[in-house]
Amino acid sequence: MAGIDTAPFRQALEEERARIAHALENLHRENPGSLEDESQEMPLDNHPAEMATVTVDREIDSSLEEHEEHVLAEIDAALARIDAGSYGICVTCAAEIGEERLQARPSTAQCIDCRRRDERG
Ligand SMILES: [Zn+2]
């Protein structure tokens with residue numbers, strides 16, 4: 001073990017997880033049903049401009065939802081690493097991530113060097 005006290009990180013991750021789960025619930029409430037259901041509700045004489053607005057709104061919602069689900073998956077993975085005793089270790093190069101970076105972003109799975117390399121592609 002790297003000697004990190006994971007308890008405050010676990011707490012921060014669980015709080016963030018609850019917040020995102022709640023946000024996703026709200027997204028689903030605002031956008032209930034499938035695309036099919038919605039097209040049935042749409043009047044036949046719907047103006048093309050209004051149709052476009054509806055489509056754009058849905059795209060924004062779904063990309064927000066995708067983002068939240070991605071963050072949720074990161075948090076779950078971080079909680080799993082706490083359970084496995086590998087929290088704070090870079091998943092790419094096995095270096096210590098460093099407590100300062102973990103405090104800034106508790107769900108991070110990589111050290112700053114690996115993260116930067118990945119971002120450059
Ligand atoms: Zn690394």
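Me: Two residues are in contact if their C-beta atoms, placed from the backbone, lie within 7 Å. Among contacts with a separation of 6 or more, what percentage comes from residues 24 or more positions apart?

Reply: In this chain, 67% of them do. The model is predicted: local features need pLDDT of at least 70 and side-chain atom pairs count only at pLDDT 80 or more, while totals for chains, interfaces and linings use all residues. Residues are numbered from 1 along each chain as its sequence is written.

Me: How many helices and strands are in the chain?

Reply: Both are DSSP runs numbered from the N terminus: helices are H or I with at least four residues, strands are E with at least two. This chain has 5 helices and 0 strands.

Me: What percentage of the residues count as buried?

Reply: A residue is buried if 20 or more other C-beta atoms lie within 10 Å of its own, exposed if 12 or fewer, and partly exposed in between; the C-beta atoms are placed from the backbone. Of the 121 residues, 12% are buried.

Me: Which residues make up the largest nonpolar core?

Reply: A nonpolar core is a set of buried Ala, Val, Leu, Ile, Met, Phe, Trp, Tyr and Cys residues joined through C-beta atoms within 7 Å. The largest has 10 residues, among them Phe-9, Leu-13, Ile-75 and Cys-111. Helix 1 (7–30) and helix 3 each supply at least two of its residues. Beyond four places in sequence, Ile-75 is in contact with Leu-13, Glu-16, Arg-17 and Ser-107.

Me: Which residue has a positive phi although it is not a glycine?

Reply: Most residues other than glycine have a negative phi. Ala-94 has a phi of about 65°. Ala-94 sits in the loop between helix 3 (48–84) and helix 4 (99–104).

Me: Why does Ala-94 count as exposed?

Reply: Because Ala-94 has 9 C-beta neighbours inside 10 Å.
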